[in-house]
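Look over the sequence and the structure, then read on.

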Amino acid sequence: MISIESMQFLGATNFSLPVLATTAETADSSLVVAAVLLSLVVIYLASKLGGELSNRFGLPPVLGELVGGVVVGVSFLHLLVFPEAGADSSSSVIISFLETTAGLSPDAADAVFAAQSEVISVLAELGVIILLFEIGLESNLKDLMAVGIQATIVAVVGVVVPFTAGTAGLMILFGIPAVPAIFAGAALTATSIGITSKVLSELGRLNSKEGQIILGAAVIDDVLGIIVLAVVASLAKDGAVDVGKVVYLIVSASAFLVGAIALGNLFNKSFVAIVNQLKTRGELIIPAFIFAFMMAYIASVIQLEAILGAFAAGLVLEETDKRKELQKQIIPIADMLVPIFFVTVGAKTDLGVLNPAIPSNREGLIMATFLIGVAILGKVVTGFSVFGQPQINRLAIGVGMIPRGEVGLVFLGIGSNIGILSKPLEAAIIMMVILTTFLAPPWLRFVFPEPTTVLADSDQLVLNSSSQSALAIESPGAKMSTSDDGKTSEPNPSSSEGK
């Protein structure tokens, strides 16, 4: 996900403290709190209902959270809408409800709406930071480093192929000028690490070799996405690339990631020693969050993404003896904040661009068909760039790199602010983001089939009476022996049954 800080760095937004101060002075704080509370009620209902329905159909719950967000968002119910999606206070059902029930005046509605939207957006950002911290805690640094070369190749292929194919195709097939075509091609490059990592975690595949390659590639993809965004934005605004800015991003990203890995070896024992000295409530989770938020802040300051800092913090603390306890303690906090992120992503998605009855959408639909094909195939081929792994699920790796999510929307927002994208091309990018975001979770479930059950009802498990370890599994059709370490193998024909 491209952070607000990165957008500031590129000069694509005008996000300043005086604006926030003016909004805060104008808006009635009690009504802002009321609007935020109603928004959270809508978010949690959409998240839970969507997640439960999705689970009933055997799909990842995160898909249900995204769909729930679409239902309550700008596309349908208008319960949760945001200014960046083109909405105003008059289109917000929550603001209208406050005008009817809480005495909110029409003059103050805009200020309350702006403040409420800003608070929910900040909570969503905090939710994805917590998510990536949790994912870091569930990952293993040694496993990620073991697939580092493979993940780097997957990431580079996943940037080069869709960028080249998308840019060239728009210029040759649709006659799009070079700069808008390059910008649209850049929107095809990044991967939404938040969505992919959540689905992999739900499927229990996060620590598989495929999951580690996807996760490592998505992190590298995110860094490459920031660099590509810097290059393209400079080209679009000034007609030239700021080489110094690009070099700075490459150096700072490399130094941060290497430094975070090196820090893990020095910080682990110190962290545990500090935690052991604390006796009050929150003695583990609070120091962990202090560390995670400091790492996220450092990443933001050097123009990377806050979520990369949080992920690096999780990787560092995963190496400590407190990791299992910390993983348990962070779950309820993640359950509270992470759904805000996914529902918000869905709520900001405008499905109106898919309506072919609107003439301006038709050209966009044709371009969208092309961009969607490039977006999917350009990432699927990344899995087949993995080498030296004959048993690996290459299709799953490619599918895991497909979703663009909020990353593509940020590219679109910057392009719109600069004013280089036509309405049909904007619609095409939006549709590409929508479909890649919503198709990836069920496709991941399909390419990662459920593991087969080892024991059937009729199987007999024979235990060693002294150690209670499994020695043999007998079933009517086949016999498998099991060693103390849990590995199974074909039985030795010369061994006696029952051993």
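Helix α6 (residues 106–138) and α15 cross at roughly 140°, and their axes come within 7 Å. The model is predicted: local features need pLDDT of at least 70, side-chain atom pairs count only at pLDDT 80 or more, and totals for chains, interfaces and linings use all residues. Residues are numbered from 1 along each chain as its sequence is written, and side-chain values use heavy atoms, with hydrogens and water left out.

**α6 with α15**
- α6 passes α15 in a left-handed crossing (the near helix is turned anticlockwise from the far one by less than a right angle; clockwise is right-handed).
- Contact here means heavy atoms within 4.5 Å.
- On the α6 side, the contact includes I120, L123, L131 and F133.
- On the α15 side, L326, I330, F341 and F342 are among the contact residues.
- By class, this contact has 18 nonpolar, 3 polar and 2 charged residues.
- Nonpolar covers Ala, Val, Leu, Ile, Met, Phe, Trp, Tyr, Cys and Pro; charged covers Asp, Glu, Lys and Arg; the others, Gly among them, are polar.
- Helices are DSSP runs (H or I, at least four residues), numbered from the N terminus.
- Axes are lines fitted to C-alpha atoms over the stretch in contact, and angles run from 0 to 180 degrees between N-to-C directions.

**α4 with α15**
- Helix α4 (residues 61–72) and helix α15 (residues 323–347) have axes that come within 6 Å and cross at roughly 50°.
- α4 and α15 are therefore oblique to each other.
- Their crossing is right-handed.
- α4 brings V62, E65, L66, G69, V70 and V72 to the contact, and α15 brings P339, F342, V343, V345, G346 and A347.
- These residues divide into 9 nonpolar, 2 polar and 1 charged.

**α3 with α5**
- Helix α3 (residues 29–56) packs on helix α5 (residues 93–101) at about 130°, with the axes 10 Å apart.
- That angle makes α3 oblique to α5.
- The crossing of α3 and α5 is right-handed.
- L31, A34, A35, L38, S39 and V42 of α3 meet I94, F97 and L98 of α5.
- The contact has 8 nonpolar, 1 polar and no charged residues.

**The second largest pocket**
- This pocket holds about 570 Å³ of space.
- Its lining has 23 residues, and G216, V219, I220, L257 and I261 lie nearest its centre.
- α7 (141–146), α8 (148–174), α11 (209–238), α12 (243–277) and α14 (306–318) each give two or more residues to the lining.
- α12 gives the most, with 7 residues.
- The lining divides into 19 nonpolar, 4 polar and no charged residues.
- A pocket is an open set of points on a 1 Å grid over the protein atoms alone, where a 1.4 Å probe fits, with protein on both sides within 12 Å along at least five of seven lines; lining residues have an atom within 4 Å of a point.
- Grid points are joined across faces, edges and corners, and the volume is the space filled by probe spheres set on the points.

How values were computed
Angles under 35 degrees count as roughly parallel, over 145 as roughly antiparallel, 65 to 115 as roughly perpendicular and the rest as oblique.
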